[in-house]
Structures are given as structure tokens and as C-alpha cells.
Amino acid sequence: MLFLVSICCILGAGILPFFWASTQPILSDKFSTTMHIIGSLSGLIFVFIQISYQSTIQYMLPLQTMFGTFSVRFDTMSMLFLIPIYIISAMSSLYSISYWPTLTKGLSVSLKYRLYLSFFTLFMLLLVIADNFIMFLICWEIMSLLAYFLITIDEFNDESQSAGYLYIIATHSGVIALFGMFAILQTHFGFYDFSSAIGNVNVNLDFASAIFLLGLFGFGIKAGIFPLYFWLPNAHASAPVAVSALLSGVMIKMGIYGIVRVISFFISIPHWWGWLVFGLGIISGILGVVYAIAQHDIKKLLAYHSIENIGIIVIGVGLAMLGKSYHNDILILFGLAGALFHIINHSLFKPLLFYSAGSMIEKYHTRNISHYGGIIKVQPLTALFFLIGAVAISGLPPFNGFASEWLLYLGMFKSLLSTQNALLPVIGGVLALSVIGGLALACFVKVFGISFLGKPRHIELSNIKESAWPMLLPMAILSVICFILGVFPFVVEELLSRIVLIFNHQPINFKLEAMTDLSYAYMWFFSLFALIAGILFYTFRDKIQMNIDTWACAFPYGSSKIQYTPASLAEMIMGLFSWTLKSRHNELSVKGIFVKKYQYYLHQNDKIIYFLIKTTDAFLVYASKIRTLIHNGYMGIYVLYIFTALIIMLLYVGQ
Amino acid sequence: MFDIVHIVLTLLLFLVLSILNMGIIIKVKAFFGGRCGAPVLQKMYDLIKLIQKSIKLSTTTSWIFFAGPLLALIVPFFAFFFLPFASIPPIISFEGDFLLFVYLFGLLRFFTTSSALDTSSSFEGMGTARELTFSFLIEPILFVCLIILAKGTSSLTLFGFFGYHILDAWQDYSTIFGIVVVCFLVILLVENSRIPFDDPATHLELTMIHEAMVLDHSGPLLAAILLGGAMKFTVYAVLIVDLVIPFKTGILFYDTLIAIAGVLGVGVIVGIIESVMARLQLISIKKVLLGTLIVSLFGIILITR
């Protein structure tokens, strides 16, 4: 019942502006947001009630097709994915009050924007509760199309149009694979919905591997696993910020949802599936963060971090799969629980980072971080929220990113003690996570330090004020949730371990009760921190004098251009990874004794996307060359074709 | 009641050892240079002098600038809570505490580097870039060592690593634990910016790593960083001593004496290394660290044998 209320409210949030927006634009924006938030709140209440009752609801909808009856099913895994959809869509709607006001953006565009936003939310909701395959596919397709409309909502922006084009190509290649997968499931195995297929597909039959590979491809494109992420950086970068937050925080998780669902169909899992998923996770994790460090476009950088975090999640899923095929219960439990927890965490701190990045982009009209600098002075709250997001995404205590990575680490270390055969995944996983952690830290020190600290590099800050409250409030809410989940991670233990049962089909001997100790240690840390910081502040508060310039080696501090740039900060680390990068630099040659002007550009880009696009391009050129042999433009040849066709038909008829 | 006194005494001992260790390194270096050197407690005099000064801040800085020194003081102190010292069990111990231990130092690094960038100085940017690169290379080595320790002692806490099983583990895996000790020594030298990886006493800002990041900290802030650095050194020294001296006499007094001697011994060894070696080139530091990583991976191969 509450769920229906939430759906109606979110639907209303998209449709009602059509009646009001022309006469009272400001009020209609706020009303639409209120509807969306009411919808989300009632939905969240519904989810929490269902979680506490531990019940599974199943409804048959009165719609019968040749592919089975449409049906919805609320199980624990759906509940887990419903939470971020509700929270982040409500936050994006709130953010849009001042990010996408009807008054300045124009009536028709903002009507479309709100409509797409609400429908996008709606179909994601339906997607995770869909039980019937064909209903799932319909929701999947509509969700993908709405994401395309949201990415390309700015009709006059070439960048977003081309990014949307790449996205639609990618997502449709994925959908073809998904159609294939569900077709095999229906024709060869006779399953029409998820609930009947779970735990009932035998791996030893033909086509089992085909199901897995098609599913991995189809869902992997949406999730952005290496090497299928090629659409992701551009789409996330050129979409409006509130949409990027939804895409990165929620939509790409639908791919993971699909992968976990597909894997849970199978009773047992061959070894190579787990190794494949695990390896892809490691590669996407490391490459994602390396490309993120090379980026200077803040939204592209965050998009690459999505790839990195998807990598961490996929490492967890891969560990669970390996655990299943090697009969290692600890890996199943901790791997999947860590992955699912990281899904929730990433869907909290990534939108937080996108919102605070948007709050800067609004003011400075550029996404290039080498133009920023010193923003903490004029936008202190944005800076604080970005800092919280940055610490959380780098996986540092006491925020939630650490809690989920800790769970993954702990699972790997625990399995080390139990059996011998888990050693290789443990070494690989631990090394990958530690490298990813170190690089993510470097990357976010770079972003935070360059854009918020120091002196302004190119842009005058004097006229700039802090953003309006509708933009700050979502960030504040998400920061608080990040902190609470980081300090009290044990609140999700119960939920996570119940989902693992869906995946594993049978009870696990171990329990997930490690995270209360973490909260206990944090309590020590916070009391120590408060004590020492309080004493020091009280003692030294009168001694602070802020009246000198930065030390510049006994010279007066020159121009703010002498500061380190993002490229120079990343140069040392990039030197270690130069083999994965396509770099291009040009240097204005220095002439004369007194150098008047010196310029140096460095562009480092993703070699993999470059390679993929180049090979596809070469293939298409080759194919079109073959096509021109037939379609060569001579009238005589075409007449000859017609005659030949006629003769063949005559011969055929004459027989 | 005894427990609280115990804890306070241990923490005080830790503080004293930190300050002493810095003085001992200076003494050893002076001995090798043929000088008599500053008194062993010189660090404490420095700190007292610095605390009395006022805090001069650049106009560019923000509140982030205070976060670095504050965490530099708190994190090593808190990290000591996880470590067993002599036969005294740690104050906090739970499964997976070593991960929190490692990542707290990550948190410290985040804020030290951020507060360096807060000053808009190009030297501090340089120091930041170097610190980030080298610490990212250190992290895998540390985790490989932790895997070896977890596997060797079959436990998942720092107390378990260095507590009761360590003597048996040494008998089974003496070669591998030798590798771990070497790796820990490299980690200690890099993390605490000692020669051959970094030289805090160099005269040129261009060649520093860690010291370049704290150029603009003055007075009590600098004191916090110096004391924090000394405590960090001692935390790593305790880590090494716990591993190298697995014997326990069973009598608290003797155990404590042995552990104190061990921690000061690490200071002497570092002083000797600093005296007999020159600083490495920045480029070759990367190679040394990657080499250490490979050595530590050999340890894993040996332990699975």
C-alpha cells in the first residue's frame, strides 16, 4: 500500500508541473520536489517495515503475455536496491530546485527534465521488483532510454549529444545480449521469472556458460566493468549534475543487481566464472583510479572513480563466486556482503561528490580543476561536504567507504586461515584493494587540494557566494548518512547476511558480527580526538596570528601560478602507469635569453577507449569499403542488378 | 584501578621513548661524525621552545591547515593502543584491527598532504606529490607482510600476530619472518622520512619529501608535527621489536626493560644506517620500493610451500 503511494507521488512529481509551471514556476518546482520526497519517504518506510518483518511479497499483475504473467516480487535483495533509488532520487529532485529552476532554464526543458526524472526513478523502482523476465526487460529498456533523454537534455550541447549517442549504442548492445540470455532461459530451461529460476539452473547443461557470459556482457555494459565502460566517462561528464549523481549512484548499480541475480540462478559455479569476474574487477578497479588521476575534468574524474568502485564491488562478487566454487563459506559471506555494502556506500558518497562538484561548476562555469583554487574561502560548506565525500570514497576511517572495504579485507584474511586453496584470490584481492586505496587517496588529495585549497588560479573569487540551501541540504543529508554508516556499520549486518542466503541457497555456518568492534574502536578515537583537540584549541587559541604570506624560499610570494597544478601533482604516479595512458604534450619552445612566455600542455587520456574506438572505426571503414564494391554508384550496374534479379526470379518461377 | 594506572604508565613510557629515540639517532650520527652532539633530551627542549611561540599563519590557509598537525599528534598515539608492548596486552584488540591501524595512517596522510596544499606553496606541492607516490608504493608491501603474519601466526589481530604464537611461528618460518623484518625496516625508514629515502635535515627544500610539506607550520603546530613524527617512529619501532624479540620472561619488569632496550636499539640501528648511507636519488627510491615488494612476495611464496 505504502509502495503504491510512493509510486503515485513520484509519478505526480513528474506530471503535475505540466498544469502549473507556466503560471507559477517557482511554486511548481517546489511542489514537484515535495511530491517526490513524500513518495520517497513513504517508500523508505515501506522498505524498512518489510525488512524488519523479514517478509517476501509477491503479486501477480493482471497482464498475461506469451512470456508469462507480469509479476512483482519484493525480496531482501530488491529491498536493498530500493533504498539508494529512493534516497538519491529524492536528493536529486531537491537539488534541482536551484540547479534546474523553471524560471531560468526555460519552461519546456524543465518540464521535460522533471518528467524524465520522475519516470527514470519509477522504472528503476519497477526494475528491481520485477519478477517476470519480460517485465524486467521492458523496465530495463525504458530506464535506459530515459537515461539517454536525461543525458541529452541540452539540445544545443554537442558534447552531451555525442556522449548520449555513444551511450545509446552501448546500452543497446547490452540489451541484445540480455534478450539472448532471457530467450535461452525461457526456451531451454523453461523459466519465465526470477523466483522460479533462482537456484534451479544446472551448470552442466548446455548453454549455462552462454547464459553467464551474455548476462555478464549485458549487465556489465551498464555497470561499467572493464573493458565495457567506454560510454561511462563521457555520459557522466556531460549530463546535468543531478542526473550524473543518479546515473553514477544508482543506475550503474542496476548492472550489478543483474549480475548477482543471474549468478544466483545457478546451483554451483565453475571455477573459471569466478576467476573471470574477479580478474575483471581487479583490472577495472586499478585502471579506473589510474585514469581518474590523469583526468583534470572534475566530472570525468568522478566518473572514472565510479569505474574504480564498481571494480571493488565486482571484486567482492568475484570473491563470493570463487567461494562458492571452492566451497569456502567465509569468502561467500564476506565477499558478497562487502560488495553489497559497498554498493550502498558508493551510492551515498558518489552523489555527494557530484552535488558538491556541481555546486562549484555552477559558479565557475568550467569543469577543469586546474582553473579552480581557494574555493574553501568562499564556499566553506561545499568544501566541507566534498571533503567528507573524498575521505569516504578513499576508504578512510571513520566513514562508510572504509567499513565496506574493511569487510572485504576481513573476509579475505579470514579465509586465509581456514583453507589452503584460497591463497591466490586473497593475495590478488588484498594487493588490488591496497593499491586502489593508495591511488584513490592520492587522487582525492589532488582534487580537494587543487580545487578547494591554495590560491585561486584563474578565476576571481570576490563575487562568489555559497550555493543556495536546496543544493547544500542534499549534501548535508548524505554526509550525515555516510558518517553514521561509517561509525555504526553493524546496523546493516543482518540485512546483508540475509541477502547472502538468497545467493547461496543454503545457510552459512558463519555469522557477520565483526563490525561492533569497529564502532567501539571509533568511540576511543573520537573521545581521544575531542580531548586533545579541545585542550590544544583552548590553550593556543590566543596565539593564532594570520598575517604573513606563504614561505617562498626567502623571496616574496609571486603569482598564484607558481602553485602545483593537477598535472604536476599527478606526474610522479602517472610515470609508473604511463603504459596505460595515451599522452600528448606540447611545449612552446623557449627562445632568447629572457623568456617572455612559456607554455606547456599535457593531456593524458584513456588508452583503452582510444583503442576500442580506433579498432571499431577501422572495422567500419573496412566494411564500408566492401559495401562500395556493390553500391558503387554507376547506373548501369544497378540496372544490371535489377535484370539479374529479374532473370533469377523468372528462372525460379519457370521451374 | 590497576588497569587505568597501567595504561597511563604505558602511554607515558611511550611518550618518553619517542622523545628519547629522536635524541639517540642524533647522538649516534654525531658519534659517527666525530662530534659530541646535542643532548639526548634536545628534542624535548625544542618542543618546549616551540610551544611557547605564537602560531603564524599564511593568509592563504584555512581550517584544513590545523587538521594535519592535529591528526599527526593523535593518530600515532591512538595507533599505539593497538600494539602489545613487552608483555602488556594492547588496550584495544579485535579481529581485523590491523586494517584500522593501517588505514588510520592513511587518514593522517590525507590530512598532512591536504594541509600542505593549503599553503599554495610550490615546495609543499612537490613534497605532497612525492609523499603520495611513495606511500602508495609502501601500502602493498605492508599488506603482503600482514598476509604473511596472519598466515604464520593464524590470527587476525595485532595482539595475535605479536602475542603468544609468535615464538612458534618464528621456529616454523624463520626465513620468512626475516623477510618481514627487512620489509618493516624499509617501511619504517620511508614512512618516517629517514635517510636513505628522505633527509629532513637537508638544506634545500627542493630535495625534501616530508619536511617540504611542513615548511609553513610554525610554533605549536610544528611542535605537534615533530612530536607526532617521533611517536610514529616509535610505533613502527615497537612493531619491529614485537616481531624481533618474541621471547617473554614472564616477569613484567624484565619484559618491559627488554622492550625498552629494543625500541632504543631500533633508534641506534636507524642512526647507524643514516650515518653510513647516502641519500638515494628520487628516481631510484621507486625501484627500491618495487624491489622490496618483490622480496615480500617471495615471502608469500615461501609460506605456501
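Q: Why are helix 18 (residues 400-418) and helix 19 of chain A, packed at an angle of about 155°, called roughly antiparallel?
A: Angles run from 0 to 180 degrees between N-to-C directions, with axes fitted to C-alpha atoms over the stretch in contact. Under 35 degrees counts as roughly parallel, over 145 as roughly antiparallel, 65 to 115 as roughly perpendicular and the rest as oblique. At about 155°, helix 18 of chain A is therefore roughly antiparallel to helix 19 of chain A. Their axes are 9 Å apart.

Q: What are we looking at, and how do the names work?
A: It's a predicted model, where local features need pLDDT of at least 70, side-chain atom pairs count only at pLDDT 80 or more, and totals for chains, interfaces and linings use all residues. Residues are numbered from 1 along each chain as its sequence is written, while chains are lettered from A and ligands numbered from 1 in the order in which they are written.

Q: Which residues of helix 18 of chain A meet helix 19 of chain A?
A: Contact here takes C-beta atoms, placed from the backbone, within 7 Å. On the helix 18 side that picks out E405(A), L408(A), Y409(A), M412(A), S415(A) and L416(A). Their partners in helix 19 of chain A include L423(A), V426(A), V430(A) and G437(A). The residues of this contact come out as eight nonpolar, three polar and one charged (Ala, Val, Leu, Ile, Met, Phe, Trp, Tyr, Cys and Pro are nonpolar; Asp, Glu, Lys and Arg charged; the others, Gly among them, polar).

Q: What makes helix 19 (residues 423-452) of chain A and helix 4 of chain B roughly parallel?
A: Look at the angle again: helix 19 of chain A packs against helix 4 of chain B at about 25°, with the axes 10 Å apart. Against the limit of 35 degrees, that makes the two roughly parallel. G437(A) turns up here as well, together with L441(A), V445(A), F448(A) and G449(A). Facing them in helix 4 of chain B are G106(B), R109(B), F110(B), T113(B), S114(B) and L117(B). Five of the residues in this contact are nonpolar, five polar and one charged.

Q: Which parts of chain B touch chain A?
A: In total, 59 residues of chain B are in contact with 63 residues of chain A. Strand 1 (55-58), helix 3 (64-79), helix 4 (97-117), helix 5 (122-153) and helix 12 (282-304) of chain B each supply at least two residues. Helix 5 of chain B has the largest share, 16 residues. Sorted by type, this side of chain B has 29 nonpolar, 20 polar and ten charged residues.

Q: How do you know that strand 3 (residues 544-548) of chain A pairs with strand 1 of chain B?
A: Pairing takes at least two DSSP bridges, and these strands have four, in the parallel sense. One example is I548(A), whose bridge partner is S58(B). Within chain A, strand 1 (residues 57-65) and strand 2 (residues 68-74) pair in the antiparallel sense over six bridges. Q64(A) sits opposite T69(A) there, and the strands form a hairpin with two residues between them.

Definitions and conventions:
Two residues are in contact if their C-beta atoms, placed from the backbone, lie within 7 Å.
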